[in-house]
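Good morning, and thank you for coming. I ask you to look at the model on the screen while I speak.

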Amino acid sequence: MKTYLLYKRSITFLILYLCISLVGCNDDNIDYIYDDSNTYYEELYRPMLHFTPQKYWMNDPNGMVYLDGEYHLYYQYNPQAAVWGNMSWGHAVSKDLIQWEHLPVAMTKDNLGEIFSGCAIVDVNNTAGFGENALIAIYTSSGERQTQSIAYSLDKGRTFEKYAGNPVLPNDGRADFRDPKVFWYEEGNYWVMTIATSQTISFYRSDNLKTWNFLSEFGEGVGAHGGVWECPDLIKMSYSGDDKWVLLVSINPGGPNGGSATQYFIGSFDGVNFVADSLPYPMWLDYGKDNYAGVTWSNEPTGRHLFIGWMSNWQYAGIVPSMTWRGAATLPRELTLKSHPSGYPVLASDVIADVSIIANQWQDFSNSSYIYDLHVERPYELNISIIADKNSKGFFTLKNEIDEKVVFELDCVDNKLIIDRSASGVSSFSNDFRMQVISPIDAITNKIDIKLYIDYSSIECVLNDGIIQQTNLVYPQKIYSILDLSYLEGAFVVEKVALRTFDSIW
Ligand code: FRU
């Protein structure tokens, strides 16, 4: 009898367990907002200036689009754990790109697969027939094969209806076929999709977002090919009064400092083919280890090319020591084309000026000694202007009271900036994290203007208005508050040191 009861109970438990797991898998039931109390922002390492999910895992930014006063940021999200999996689109909105409001998860997996990266557009002319100004997401359904699907929202991006005719772009057998980014090609009056196809980017066109025709493929034999190409974005920009088309391509692995990074190509696009100008490829958007899978906002009202990336690297993203959440977005950047001293165009990306919204007054430290106690306890921006001659080498450090430090070495002989975060705080989780991060600085001739954006677990280092940059994560126990410039002495002239702190955004 006892055995029978035990058996019955086990069966009941099994059925209960199956029901719970089924409900758990039925993603329509995930409508997840973690915590309204805001106390999670007090967690160690939790960024203040940077977007993070309230809880669990995020990777790529997705579906960035502006509509009716709101910037939307969807993102690759696991609503069930702080590791990659169950890919869904998390969602947040902002009026100023700095202060974000968390919203419920926008899309979860269905019978076509998980919801991988993609974009969103505003269908001003109702080309798809879902309604004028419908917000339409174009994304990868990652099932047995990767195919492209669409979904539309008629309530300002809050909820989506998946199109019954999905997938709109099937896969004829490619292993990697993902991350659609779509824009309206004005010159031809049709939509163009860029999509990552292993180690090339393919272009498709459509009149209605529902049927797509192949145009061309780009990338063989040009640029970096150390890994798979992902998350493309083709952007029309201006350079010295001319139009230039810039193609962003994330690559993993194969970045300049190992692992994930974003390369770019500059050239022309005639509505069918992208042709790259002859330039010294590979060219990199950010030499730091932690700026990946970034693309630009669609429908941006001021016409700026606004970009945001995922602030991590596939080499260690799943084991970084922020336990309750993993993954953050970079600060939003404005992309422009600037000139390299040798006369060719390069893509610059600077932190958007809008960060001033939450910034306090500048404090000038220029005439202090070489070691500065910055008296900061919260995230801040530090500007250092240095005059260097070609024979100078030196370094400066940013550290805290327990000697956790980041070393910035300026090598003007070999034209390099080397950032060392091996003693920056917790770093033992990955040798790929501990290694030096190197960027060339040949685009800078004489005066080096360094802007550092220091949050609780990252440093974005922007040189000369974004012509060179490095975005790197760090995990110190306390924010760095001491600047030591003494090892620059002699070789460099430090012209200016200034700092401004940021107010809390919640
Ligand atoms: C880039 C990426 C994309 C893919 C997504 C899955 O980081 O691998 O290619 O769509 O992440 O989460």
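This is a predicted model: local features need pLDDT of at least 70, side-chain atom pairs count only at pLDDT 80 or more; totals for chains, interfaces and linings use all residues.

Residues are numbered from 1 along each chain as its sequence is written, and side-chain values use heavy atoms, with hydrogens and water left out.

Let us begin with the cores. A nonpolar core is a set of buried Ala, Val, Leu, Ile, Met, Phe, Trp, Tyr and Cys residues joined through side-chain atoms within 4.5 Å. Buried means under 20% relative accessible area, exposed over 50%, and partly exposed in between, with a 1.4 Å probe and protein chains only. The largest core holds 78 residues, and Leu382 and Leu398 touch the most other members. Its main contributor is strand 14 (residues 242-252), which gives 6 residues; strands (E, at least two residues) and helices (H or I, at least four) are DSSP runs numbered from the N terminus. Because domain 2 (45-324 + 331-339) and domain 3 (359-501) both give residues to this core, it lies between them. The domain bounds come from an automatic or database domain assignment. A second, separate core has 32 residues, including Tyr71, Tyr75, Tyr77 and Trp297.

Another hairpin is made by strand 3 and strand 4, with 5 residues between them, and Leu97 in the turn has a positive phi of about 70°. These antiparallel strands are joined by 5 bridges, and Ala92 stands opposite His102 in strand 4. In strand 4 (residues 100-107), 6 of the 8 residues are buried.

On a 1 Å grid over the protein atoms alone, a cavity is a set of points where a 1.4 Å probe fits but cannot get out, and a pocket is an open set with protein on both sides within 12 Å along at least five of seven lines; lining residues have an atom within 4 Å of a point. Grid points are joined across faces, edges and corners, and a volume is the space filled by probe spheres set on the points.

The largest pocket contains about 740 Å³ of space. It is lined by 27 residues, and those closest to its centre are Phe183, Trp184, Glu186, Ser298 and Asn299. Strand 9 supplies the largest share of this lining, 5 residues.

How many cavities of 30 Å³ or more does the whole structure hold? The search finds 5. The largest cavity has a volume of about 100 Å³. Among its 13 lining residues, Trp325, Gly327, Ala328, Leu473 and Tyr475 are the closest to the centre. Domain 2 and domain 3 each give at least three residues to this lining.

Conventions. Two strands pair if DSSP finds at least two bridges between them.
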